[in-house]
Amino acid sequence: MKRVLLLTGQLRFNNVDRFNNFTETIEGYDVFISTTREFEEFALKITSRENIIFLDDYMDERYKVTRHNHIYQWMNLDLIIHEFKYKLLQYDVIYRIRTDIKFNIIKLMEIPIEKETMYSYRDMLFFAETKHFIKTFENFYNDIFTVYMGNTNKYIPLNYSNIMR
């Protein structure tokens, strides 16, 4: 199986050892990154320039500055999917991983991937077969505003459109 790693948002490394440990862990895998220019130096040490996109360059066109910090991770995921969708479709499985977690990549890659199944550990790590991953997340950022934000009900109905995609 051909697998790809997505790194979105802040590239959080609190020291050189943590950075080196992370890059050693993901060595041998293709990596695509969506982050801000603040993390450009780290991004260029992880993957090639053509696999990196900077959210800063799209803030006026597609995205708006928000006071909701948790939305930036979804902006980055949306951007990476829209900009690299056709490259990503060349892979069998997509893994979205945060850089501030420790994980065993060998055990992670041994998990059997079932069709139309999303695997996750909160927002730190999630993965799926590529077509299912893209169908699930390519409109998710817009859904935040059209389905979830501003909903004054205490109950938010399950968004079946994401499940159906």
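Me: Which residue does Arg98 form a salt bridge with?
Reply: Arg98 forms one with Asp100, and the closest N and O atoms are 2.8 Å apart. A salt bridge here is a side-chain nitrogen of Lys or Arg within 4 Å of a carboxyl oxygen of Asp or Glu.

Me: What kind of model is this, and how are the residues numbered?
Reply: It's a predicted model, where local features need pLDDT of at least 70, side-chain atom pairs count only at pLDDT 80 or more, and totals for chains, interfaces and linings use all residues. Residues are numbered from 1 along each chain as its sequence is written, and side-chain values use heavy atoms, with hydrogens and water left out.

Me: Back to Arg98, is it buried or exposed?
Reply: Arg98 is buried, with a relative accessible area of 18%. Buried means under 20% relative accessible area, exposed means over 50%, and partly exposed is in between (1.4 Å probe, protein chains only).

Me: And what does Asp100 meet in a salt bridge besides that?
Reply: The side chain of Asp100 also meets that of Arg12, at 3.0 Å from N to O. That pair links distant parts of the chain, 88 residues apart: Asp100 is in the loop between strand S4 (93-97) and helix H4 (105-110), and Arg12 is in the loop between strand S1 (3-8) and helix H1 (16-26). Helices (H or I, at least four residues) and strands (E, at least two) are DSSP runs, numbered from the N terminus.

Me: How accessible is Asp100? And Arg12?
Reply: Asp100 is partly exposed at 32% relative accessible area, and Arg12 is partly exposed at 36%.

Me: How many salt bridges does the structure hold?
Reply: Seven. Another one joins Glu138 and Lys85, with the closest N and O atoms 2.9 Å apart. Glu138 sits in the loop between H5 and helix H6 (140-148), while Lys85 is in helix H3 (residues 72-88), 53 residues apart. Glu138 is buried at 19%, and Lys85 counts as partly exposed at 23%.

Me: You mentioned H5. Why is it largely enclosed by the rest of the structure?
Reply: Because six of the eight residues of helix H5 (residues 130-137) are buried. The buried ones are Thr130, His132, Phe133, Ile134, Thr136 and Phe137.

Me: New topic, aromatics. How many aromatic pairs are there?
Reply: The count comes to 16. Rings of Phe, Tyr and Trp (its six-membered ring) pair if their centres lie within 6.5 Å; planes under 30 degrees apart count as stacked, over 60 as edge-to-face and the rest as tilted. One of the pairs is Phe32 with Tyr91, edge-to-face at 6.3 Å centre to centre and 80 degrees between the planes.

Me: Where are those two in the chain?
Reply: Phe32 lies in strand S2 (residues 30-35) and Tyr91 in the loop between H3 and S4, so the pair ties together parts 59 residues apart in sequence. Phe32 is buried at 2%, and Tyr91 is buried at 8%.

Me: What lies over the face of Tyr91?
Reply: Lys2, at 4.8 Å from the ring centre. A charge sits over a ring if NZ of Lys or CZ of Arg is within 6 Å of the ring centre and within 35 degrees of the ring normal.
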